Amino acid sequence: MRVGVFTPLLSQLPLDAVLTKLSALHIETVELGTGNYVADAHCKLSMLENGSALADFQKILGDHGAGISALSCHGNPLHPDKARAGQDREVSRKTILLAEKLAVPIVIDFSGCPGDSPNAVAPNWVTCPWPPEYREILDWQWNKVVAPYWIEHAKFAADHGVKIAIEMHPGFVVYNPETMLRLRSIAGNNIGCNFDPSHLFWQSIDPIGAVRVLSGSIFHVHAKDTQLYPANLQRTGVLDTKPYTDERNRAWIFRTCGYGHGAEWWTELISTLRMFGYDYVLSIEHEDSLLSPSEGLTKAANFLNSIVIREQPAAAWWT
């Protein structure tokens, strides 16, 4: 297991400066965004057609002894706006092709969320089974939109030697272990999970228990925490739509590792991940609105480095 960083939090810096900063924190592994919802500041898809730029990029990584754990293109490939869906799908396809060139084994994406019909203009995330039209919408989404796209896209990735890790995220059709395993059963074992415990905490899902449920299907892990505020939970429940920056009034917010849960909890998570076959990277993702990116990164790196045994991943962790 080793600690890495998802670099959009340092998007204001060039890649060379990012790697220098991370080296000082004893981190030599990065996860790079390639577009859609995430910044592509450090990894341009245009390198697919520009051999010189690709060589320069690889030289910077080599000069710093840095490796890439995953390329991330979080988007909504199922968006009812066909132009938007087409754009996000193209970014995902190109990201897979670039991952193949760079020998990066994992591409991270969202499952996406369709609308409520072929005529929809906005996504429709179904969260309850009644009135009955909601079940009808959900069945249509999975049978007519989700399954056809992900069966084809999973095969495309497999043909290029790349696995896809879906980040379970509310707002999309895959948001918990059950929906993650449903997609995997449809699209095959080349689809797995980018495991982010912060998205599970506020759904009242125990992330350590979820590791057991997802056994064998976790391809990559985001290191991010969540803090719950019981006083506000009584008012809103977990489906809190207030801005993340309205910290005083929200039922929960994302936190830097160690600020929502302590070392004992994170040690147990890491131990359970290893118990169930995951021995790869914990990629720090900073979305803590109470800490600056620099402060959050430093605290998370020091916290995780103090409890992670740094060694190379098992040769076949993704099988």
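## Two neighbouring strands

Strand E3 covers residues 67-72, and strand E4 covers residues 106-109. The two pair in the parallel sense, over 2 bridges. Serine 72 stands opposite isoleucine 108 in E4. Keep in mind that this is a predicted model.

Strands of a sheet pair through backbone hydrogen bonds, either parallel or antiparallel.

## The barrel

E3 and E4 belong to a closed barrel of 8 strands. The order is E1-E2-E3-E4-E5-E6-E7-E10, with parallel pairing. From one strand to the next, the twist averages 30 degrees.

Helix H4, residues 133-159, lies across E4, E5 and E6. Strand E5 spans 163-167, and strand E6 spans 191-195. H4 runs at about 135 degrees to E5.

## Helix H5 and its two faces

Which residues of helix H5 (residues 177-187) are buried? They are Pro177, Thr179, Met180, Leu183, Arg184 and Ala187. Seen down the axis of H5, these buried residues fall within an arc of 170 degrees, so they line one face of the helix. The face turned away from the buried side carries the exposed residues Glu178 and Ser185.

What covers the buried residues of H5? The cover includes H4, E5 and E6. It also includes helix H6 (197-201), helix H7 (207-213) and strand E7 (218-223). After H5 comes glycine 188, and its phi is positive, near 100 degrees.

## Salt bridges

Side chains of opposite charge can pair when their charged atoms come close. A search of the whole structure finds 12 salt bridges.

One of them joins the side chains of lysine 44 and aspartate 40, at 3.2 Å from N to O. Lysine 44 is partly exposed, with a relative accessible area of 38%. Aspartate 40 is also partly exposed, at 28%.

## A link across the chain

Glutamate 287 forms a salt bridge with lysine 224. Their closest N and O atoms are 2.8 Å apart. This pair links distant parts of the chain, 63 residues apart. Glutamate 287 sits in the loop between strand E10 (281-284) and helix H10 (293-305). Lysine 224 sits in the loop between E7 and strand E8 (225-228).

Lysine 224 is buried, at 1%.

## One more pair, and a network

The side chains of aspartate 279 and arginine 274 meet in a salt bridge of 3.5 Å, N to O. Aspartate 279 is buried, with a relative accessible area of 11%. Arginine 274 counts as partly exposed, at 29%.

Some salt bridges share partners: they join Asp196, Lys224, Glu285 and Glu287 into one network.

Notes. Residues numbered from 1 in each chain as written. Predicted model: local features only at pLDDT ≥ 70, side-chain atom pairs only at ≥ 80, totals over all residues. Heavy atoms only, no water. Pairing = 2+ DSSP bridges. Helix = DSSP H or I, 4+ residues; strand = E, 2+ residues; numbered from the N terminus. Axes fitted to C-alpha atoms, helices over the stretch in contact; angles between N-to-C directions. Contact = heavy atoms within 4.5 Å. Buried < 20%, exposed > 50% of the residue type's maximum accessible area, 1.4 Å probe, protein only. Arc of directions from axis to C-beta. Salt bridge = Lys/Arg side-chain N within 4 Å of Asp/Glu carboxyl O.
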